[in-house]
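Subject: Structure for your review

Hello,

Here is the structure I said I would pass on. My notes follow below it.

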Amino acid sequence: MPLEYVIIGSGIASLSAAEVLRRGDPQAAITMISEEAHDFYSRPGLAYLLRGDIPEKLLFVRNRDDLRALNVRRITAGAQQLLVQRQEVVLTGGKRIRYDRLLLALGATAVRPTFPGGDLAGVVKLDSLDDARQILKRTGRGKTAVVIGGGITALELAEGLLARRMNVHYFMRSPRYWADVLDETESKVILKRLRHEGIVIHPETQIKQALGKRGQLTGVETQAGEIIPCQVLAVAIGVRPRAELARGAGLAVDRGILVNAFLQTSHPQVFAAGDVAQVHDPHSGGATMDVLWSTALAQGRVAGANMAGGRLPYVKGIPFNVTQLAGLKVTVIGAVGRGKDDDLVTIARGDSEAWRRLPRATVVSETDQVNRVRLVIGERHIVGALVMGDQTWSRPLQQLIGQQADIGPIRQSLEADGPTALTQLAHFYQHWERAQRRT
Amino acid sequence: MPSRELLSRQEALAEAQVVPEAVRCVQCGCCTYNCPIGIDVRAHAWRGLAIHDSHCLTCGECVKRCPREVLRFERISLLQG
């Protein structure tokens, strides 16, 4: 009897797990259950769809034929209940699906606003392709949009709506943008550029209520009493893991579904991967969360291998992301920030909690208006970096940080010579990289 | 600066190929969409394969348009399999 593998979710963790399972076991029965009926698409690509950089059809990475070639049975339905003792998933409508191994790759969902009017039509989020379609339906030249929230998604929304020729207002609770990852100068650079693009920034502004007529959004009222008429209110105040199914089944859940190094939940036949999983981190002793594509991809592969009988530990890499903020490319690697961003109630998409574990460290930076490299230097290693604008340093720093290059020999001069630090580091990198290639 | 990565335009056209770094890629499709001759650059990036397609013009559109610095020009090595 071939084993029955069931995967709940249709994102990158789910796809990468299915591909690994199929390679490892050509006979296995693989079933993928998701509420979303779309073929597999790139979720991070939604930002580029919104901005008009790519047409929708380019978002689809796999079509129906590709999935057929993978021999995966797709079921479009919600998973209502998980019965771990019986090894069954109960679908909406009551149908039951049995499994030998189950992967929960349900992802995360945008946190809903709590102010009155938060459920009006016209209040939008950016979780899925359907959300992006909803937003695009509501955009139009000369219409007005208000964006609230923080992190990457808030700006993806603001800049996407601007690209659609809307008047865009960005409300921030705090005076600074992405205060727990960017430093003050970086925040300022981004906000200045957003203003230059034509986005109206409202620092230290909160919504009291969304106003509507017959269920449709017509405007927002701020806590200071200002009323801004608008047709779209885009909310990006963070995401929450979709852990309800696991919680209901009695699996161990903190913020996400808790998993061990092999991505097994508290029930060994059930695995979790991607945004929904909270992985034990042996370095910190805690369990941090990432909402990153690269993490979800890597975890999906590990979960797939282990579901097929492997014993492969998930090794958490140095979290990094490359994004565009106000038209500037920004790479974030390792630990770069600290504190809390008041514009997010939870973690945001494209974000890692590990970025905020700033140890005692020295910050060296070089600024050229917008081109900026910020290094966070620990005892013998660079522990974090933020590269803004010119990306020449993005890849070298990813290598130096990821492979924990010993910068002991130049550490002091890196600290002492602020302006020439990068030249020092460039010489160091060339030698280091050559040595790496030889070994 | 790490000089081995900086190729002149002439060098890139004559001696280099586009190489992806799969771990940075989010499969958004901007590269494939902007390729003037329709090479599925994204599919190469998924597998971490250099763009070996003999039709590649090394025009650099995909390198430039990638929002995540996935693609770069690399000198073709004589030792490459």
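**Ser34(A) and its surroundings**

The backbone oxygen of Glu36(A) is 2.8 Å from a polar atom of the Ser34(A) side chain. This is a predicted model, in which local features need pLDDT of at least 70 and side-chain atom pairs count only at pLDDT 80 or more, while totals for chains, interfaces and linings use all residues. Residues are numbered from 1 along each chain as its sequence is written, chains are lettered from A and ligands numbered from 1 in the order in which they are written, and side-chain values use heavy atoms, with hydrogens and water left out.

Ser34(A) belongs to strand β2 of chain A, residues 29-34. Helices (H or I, at least four residues) and strands (E, at least two) are DSSP runs, numbered from the N terminus. Ser34(A) counts as buried because its relative accessibility is 5%; buried means under 20% relative accessible area, exposed over 50%, and partly exposed in between, with a 1.4 Å probe and protein chains only. Its side chain also makes a polar contact with that of Arg74(A), at 3.4 Å. A polar contact is a pair of N or O atoms within 3.5 Å; within protein, one must be able to donate a hydrogen and the other to accept it, and residues adjacent in sequence count only if both atoms are side-chain atoms. Leaving aside neighbours within four places in sequence, the residues in contact (heavy atoms within 4.5 Å) with Ser34(A) include Gly9(A), Ser10(A) and Ile75(A).

**Helix α8(A)**

Twelve of the 15 residues are buried, among them Trp293(A), Leu297(A) and Met307(A). Just after α8(A), Gly309(A) has a positive phi of about 105 degrees.

**Where chains A and B meet**

In this interface, 26 residues of chain B contact 36 residues of chain A. The two chains bury about 2,800 Å² between them, 54% of it on carbon and sulfur atoms; buried area is the accessible area (1.4 Å probe) that two parts lose on being put together, summed over both. The rule finds two salt bridges across the interface, a salt bridge being a side-chain nitrogen of Lys or Arg within 4 Å of a carboxyl oxygen of Asp or Glu. Glu21(B) and Arg395(A) form a salt bridge through their side chains, at 2.4 Å from N to O.

Regards
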